[in-house]
Amino acid sequence: MEKLTDLLEKNREWAEKINQEDPHFFETLAQQQAPEYLWIGCSDSRVPANEIVGMLPGELFVHRNVANVVVHTDMNCLSVVQYAVEVLKVKHIMVVGHYGCGGVAASIKSEPHGLIDNWLRNIRRVYQKHREFLSTWDHSHQQLDRLCELNVIEQSVNLCETTIVQQAWANGQELTVHGWIYGLSDGLVNDLEFNASGAEEVEEQYQLAMNKMGKLQELAQASDKSQQNARTMWDKVRSIFD
Ligand SMILES: [Zn+2]
């Protein structure tokens, strides 16, 4: 029989450290949680939700699955969204992808991966929808960067179209859906600037995001390879649209 002694030991050290900083931390936390944010992200171990945005336990409600997908038949994700919106009354939901996502990469490979291909089919549909745009990018890593970004935007729209978010907006509840992507290589979040705060904003935000992706493509074609880092290009696109 093997026990995870190291991890249990680390857990005690962690709780002790927090207790020293704030002796009432756990006591207060146990009585209630009132996070203002729901994070829907990838299960990838390199994308730890709380740490990335510097939040403590109790500040961020989290749902993670392979490649941060929002599917209208996924009872797990929908239940999390319902609880977050209707009970916790979060004000913001971030759909957070990341560059170099293995799930996104696997979705466009032809070899079979077994059961998970059923799940990845959801991303393959994003690829098929934007196949023409994606084919204009020279390098496979750039194509993957763009598909990771497009996946975030499409999943954000899927989230906006859930009955839960639609109902919250119809009731006048304050709620914004944001599309973000995280860089594994620099630890920074890239705001894809899809921010929908009402049903009427979804299509407009989607079109704006697509226009920005188009601008990104123009910039890539006009610049040399060393300037084609995703963040550098997005910074330029943002300065053009601001
Ligand atoms: Zn991933």
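The model is predicted. A zinc ion is coordinated by Cys42, His98 and Cys101, and the structure holds zero disulfides. Helix α8 takes part in a contact with α6 and in another with α11.

**Zinc site**

- The donor atoms to the zinc ion are SG of Cys42, NE2 of His98 and SG of Cys101, at 2.0 to 2.3 Å.
- Along the sequence, these donors follow the spacing C-x55-H-x2-C.
- Cys42 belongs to strand β1 (residues 37-42), while Cys101 sits in the loop between β3 (92-98) and α5 (102-107), so this pair ties together parts that are 59 residues apart in sequence.
- Cys42 counts as buried, at 4% relative accessibility.
- Cys101 also counts as buried, at 2% relative accessibility.

- A disulfide is a covalent bond between the sulfur atoms of two cysteines.
- Cys148 is buried, at 2% relative accessibility.
- For Cys77, the closest cysteine sulfur belongs to Cys160, and at 12 Å it is too far for a bond.
- Cys77 is likewise buried, with a relative accessible area of 1%.

**Contact of α6 with α8**

- Helix α6 (residues 116-129) and helix α8 (residues 140-160) have axes that come within 10 Å and cross at roughly 105°.
- The two helices are therefore roughly perpendicular to each other.
- On the α6 side, the contact is made by Asn122, Ile123, Val126, Tyr127 and Lys129, and on the α8 side by Leu147, Leu150, Asn151, Glu154 and Gln155.
- Sorted by class, the residues of this contact are five nonpolar, three polar and two charged.
- Glu154, which lies in helix α8, counts as buried at 8% relative accessibility.
- Beyond its neighbours up to four places away in sequence, Glu154 touches Val126, Lys129, His130 and Tyr206.

**Contact of α8 with α11**

- Helix α8 also packs with helix α11 (residues 230-241), at an angle of about 55° and with the axes 11 Å apart.
- This angle makes α8 oblique to α11.
- Asp145, Arg146 and Glu149 of α8 meet Ala230, Met233 and Trp234 of α11 in this contact.
- By class, the contact of α8 with α11 has three nonpolar, no polar and three charged residues.

- Val177 is placed in strand β4 (residues 176-182).
- The relative accessible area of Val177 is 0%, and the residue is therefore buried.
- Leaving aside neighbours within four places in sequence, Val177 is in contact with Ile93, Ser156, Leu159, Cys160, Val165, Trp169, Phe194, Asn195 and Ala196.
- Val165, one of these partners, is twelve residues from Val177 in sequence, with a C-alpha to C-alpha distance of 9.0 Å.
- Gln205 is found in helix α10 (residues 202-222).
- At 9% relative accessibility, Gln205 is classed as buried.
- Not counting residues up to four places away in sequence, Gln205 touches Glu193, Phe194, Asn195 and Ala196.

**Residues with positive phi**

- Most residues other than glycine have a negative phi.
- Ala67 is not a glycine, yet its phi is positive, at about 70°.
- The loop between β2 (60-65) and α4 (75-87) contains Ala67.
- With a relative accessible area of 0%, Ala67 is buried.
- Lys89, although not a glycine, has a positive phi of about 55°.
- Lys89 is located in the loop between α4 and β3.
- Lys89 is partly exposed, with a relative accessible area of 48%.

Technical notes: Residues numbered from 1 in each chain as written. Predicted model: local features only at pLDDT ≥ 70, side-chain atom pairs only at ≥ 80, totals over all residues. Heavy atoms only, no water. Donors = N, O, S within 2.8 Å, 3.2 Å for Na, K, Ca; no water. Helix = DSSP H or I, 4+ residues; strand = E, 2+ residues; numbered from the N terminus. Buried < 20%, exposed > 50% of the residue type's maximum accessible area, 1.4 Å probe, protein only. Contact = heavy atoms within 4.5 Å. Disulfide = S-S within 2.5 Å. Axes fitted to C-alpha atoms, helices over the stretch in contact; angles between N-to-C directions. Parallel < 35°, antiparallel > 145°, perpendicular 65-115°, else oblique. Nonpolar A, V, L, I, M, F, W, Y, C, P; charged D, E, K, R; others polar.
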